[in-house]
Amino acid sequence: MASLLGIVFPVTFPGQGQLHSRRRSVVKSSSSSDERQTLFNRIAPVYDNLNDLLSLGQHRIWKNMAVSWSGARTGDKVLDLCCGSGDLAFLFSEKVGPSGKVMGLDFSSEQLAVAASRQKLRVRSCYKCIEWIEGDATDLPFDDCEFDAITMGYGLRNVVDRDRAMREVYRVLKPGSRVSILDFNKSNQSVTTFMQDWMIDNVVIPVATLYDLAKEYEYLKYSINGYLTGEELEALASEAGFSSARHYEISGGFMGNLVAVR
């Protein structure tokens, strides 16, 4: 769920203990960006456990779907934006294999540290192709047309300038390639919206309270309410230049996945 809003740092968390540097002009964070960065740094130590508990493990199914929709293939160079603790990046690496390359970028140093520590515990050769980078989704430190596929899991909702972030995704994607964006669905159906709010108030926040993270997870409902509907996400992608865009509602309309082709 970590988003990418803060300052672009030259620090990275490479897979095999090698320190790389990717420098770009520093982007000044807004106070809102700083607050969200602090939030995601704070929840990093228990983020994975809470994801499993609150979704009853279903988030793994949704993430597999997101990676499949990206169209990534063996040997591809791919990017996982808002990579958080690395779930989508690890799935990406299994798709592209040892001959491919996965870049996982996030604005939360704590989330990236968790991702790097998880990587060290994995023995398959494909996991060695992942590099972790701390950076800004609205000012990506990559060349034009660099990636064969991109995913973003639970991140676009938290980006302040979504238009700019989508244009950056378009810029670094190769022509004909896809971005797959997974997030909570902002439904037009009142029943779905009611159930979403009820679950957050009566399940998510009480569970988060046990971890002393009630305030952090109260933010979830407000961020969903301030997010875009499926139609608005399709329009956002089209305005950024994508040739086609389609939003799929999944898990009874509680989640959604935008697939856009450059």
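Biologist: Which residues of helix α9 (residues 230–240) are buried?

Modeller: Gly-230, Leu-233, Leu-236, Ala-237 and Ala-240. Buried means under 20% relative accessible area, exposed over 50%, and partly exposed in between, with a 1.4 Å probe and protein chains only. Helices (H or I, at least four residues) and strands (E, at least two) are DSSP runs, numbered from the N terminus. This is a predicted model, where local features need pLDDT of at least 70, side-chain atom pairs count only at pLDDT 80 or more, and totals for chains, interfaces and linings use all residues. Residues are numbered from 1 along each chain as its sequence is written, and side-chain values use heavy atoms, with hydrogens and water left out.

Biologist: What covers the buried residues of α9?

Modeller: The cover includes α6 (162–172), β7 (244–250) and β8 (255–261). After α9 comes Gly-241, with a positive phi near 115°.

Biologist: Why does Arg-162 count as buried?

Modeller: Its relative accessibility is 17%, so Arg-162 falls in the buried class. Arg-162 belongs to helix α6. Contact means heavy atoms within 4.5 Å. Not counting residues up to four places away in sequence, Arg-162 touches Leu-156, Arg-157, Gly-226, Tyr-227, Leu-228 and Leu-236.

Biologist: Why is Asp-144 called partly exposed?

Modeller: At 49% relative accessibility, Asp-144 counts as partly exposed. Asp-144 sits in the loop between β4 and β5 (147–153). Beyond residues up to four places away in sequence, Asp-144 touches Arg-171 and Val-172.

Biologist: And Ser-187: why is that residue buried or exposed?

Modeller: Buried, because its relative accessibility is 11%. Ser-187 lies in the loop between β6 (173–184) and α7 (190–210). Leaving aside neighbours within four places in sequence, Ser-187 is in contact with Thr-192, Thr-193 and Gly-253.

Biologist: What makes strand β4 (residues 130–134) largely enclosed?

Modeller: Five of its five residues are buried, so the rest of the structure largely encloses β4. Ile-130, Trp-132 and Glu-134 point one way from β4. Glu-131 and Ile-133 point the other way.

Biologist: How do you know that β3 (residues 101–106) and β4 pair?

Modeller: Two strands pair if DSSP finds at least two bridges between them. β3 and β4 have five, in the parallel sense. Met-103 stands opposite Glu-131 in β4. The chain crosses from β3 through helix α5 (residues 109–120) to β4, and this β-α-β crossover is right-handed. That label applies if, with the strands pointing away from the viewer, the path from the first strand over the helix to the second runs clockwise.

Biologist: What makes Phe-90 and Tyr-127 an edge-to-face pair?

Modeller: Rings of Phe, Tyr and Trp (its six-membered ring) pair if their centres lie within 6.5 Å; planes under 30 degrees apart count as stacked, over 60 as edge-to-face and the rest as tilted. Phe-90 and Tyr-127 give 5.9 Å centre to centre and 90° between the planes. This pair links distant parts of the chain: Phe-90 is in helix α4 (residues 87–96), Tyr-127 in the loop between α5 and β4, 37 residues apart. Both residues are buried.

Biologist: Why is the pair of Phe-142 and Phe-147 given that label?

Modeller: Their ring centres are 4.9 Å apart and their planes at 90°, so the pair is edge-to-face. Phe-142 and Phe-147 are both buried. The structure holds six aromatic pairs.

Biologist: Which residues form one aromatic cluster with Phe-90?

Modeller: Tyr-127 and Trp-132.

Biologist: What sits over the ring of Phe-90?

Modeller: The charged end of Arg-122, 4.0 Å from the ring centre. The term needs NZ of Lys or CZ of Arg within 6 Å of the ring centre and within 35 degrees of the ring normal. The charged end of Arg-122 also sits over the ring of Tyr-127, 5.2 Å from its centre.
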